[in-house]
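Hello,

Here is the model I promised to pass on to you.

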Amino acid sequence: MCQEVLIKLFQAFKHFDFKDTIPIEHYVNRVIKNVKNDYIRKKFYGYERQTLLINEFIVSYNNSKMEYPVDKHILAIEVGEHIQQCVLNLTKLEQVVVIYLLKDYKPKEIAELLSVPKKVVYNAIHRCKIKLRHHIDGY
């Protein structure tokens, strides 16, 4: 806080007219008061923001307790089965590429593992997206 006061005083003294009748103490007091008020506002905003974040967590926690996890589980199984059916409709190369992508391999790494050009992998990824999107839209 002292550093801020010194910086603001240095900036205020650039514009200070020493020939004027206003005493220099007036500028010093105003700068200190402004820095103090800025500090208080910043702290208050931080506390207010923290309270909002805590309340947001409480609301989301209470909502998660109300949901029915059994329904979510059944829906996840159904969606998973549908995605498996979609993947079975892909070619062998596309299936292998999807499996490697799901294991967080990069396209360049997949190309090296399969000994194919990078462009082949990118084309396979593009075809997979189109086919999966087509099957999911039909679902």
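**Cysteines and disulfides**

Let me start with the disulfides: counting a pair of cysteine sulfur atoms within 2.5 Å as one, the total comes to zero. As you know, a disulfide is a covalent bond between the sulfur atoms of two cysteines. Cys86 is buried at a relative accessible area of 2%, and Cys128 is buried as well, at 4%. Here and below, buried means under 20% relative accessible area, exposed means over 50%, and partly exposed is in between, using a 1.4 Å probe and protein chains only.

A word on the ground rules: this is a predicted model, in which local features need pLDDT of at least 70 and side-chain atom pairs count only at pLDDT 80 or more, while totals for chains, interfaces and linings use all residues. Residues are numbered from 1 along each chain as its sequence is written, and side-chain values use heavy atoms, with hydrogens and water left out.

**The chain as a whole**

The chain has six helices and zero strands, so its elements run α-α-α-α-α-α from the N terminus on, where helices (H or I, at least four residues) and strands (E, at least two) are DSSP runs numbered from the N terminus. Of its 139 residues, 14% count as buried. Taking contact as heavy atoms within 4.5 Å, 49% of the contacts between residues at least 6 apart in sequence join residues at least 24 apart.

**Helices H4 and H5**

Two packed helices are described by the angle between their axes and the distance between the axes. How do H4 and H5 pack, and at what angle? Helix H4 (residues 92-102) and helix H5 (residues 107-114) pack at about 130°, with axes 10 Å apart. That makes H4 oblique to H5. The axes are lines fitted to C-alpha atoms, for helices over the stretch in contact, and angles run from 0 to 180 degrees between N-to-C directions. Under 35 degrees counts as roughly parallel, over 145 as roughly antiparallel, 65 to 115 as roughly perpendicular, and the rest as oblique.

On the H4 side the contact is made by Leu93, Val96, Val97, Tyr100 and Leu101, and on the H5 side by Ile110, Leu113 and Leu114. By class, that contact has eight nonpolar, no polar and no charged residues. Nonpolar covers Ala, Val, Leu, Ile, Met, Phe, Trp, Tyr, Cys and Pro; charged covers Asp, Glu, Lys and Arg; the others, Gly among them, are polar.

**Two loop residues with positive phi**

Asp104, in the loop between H4 and H5, has a phi near 70°, a positive value in a residue other than glycine. Asp104 is exposed, at 65% relative accessibility. Ser115 sits in the loop between H5 and helix H6 (118-138), with a positive phi near 55° and a relative accessible area of 66%, which counts as exposed.

**Helix H1**

Val5 lies in helix H1 (residues 2-15) and is buried at 14% relative accessible area. Beyond its neighbours within four places in sequence, Val5 is in contact with Val31, Ile32 and Val35. Val5 and Val35 are 30 residues apart in sequence, and 6.4 Å apart from C-alpha to C-alpha. Leu6, also in H1, is exposed at 58%; the C-alpha atoms of Leu6 and Val31, 25 residues apart along the chain, are separated by 9.0 Å.

Best wishes
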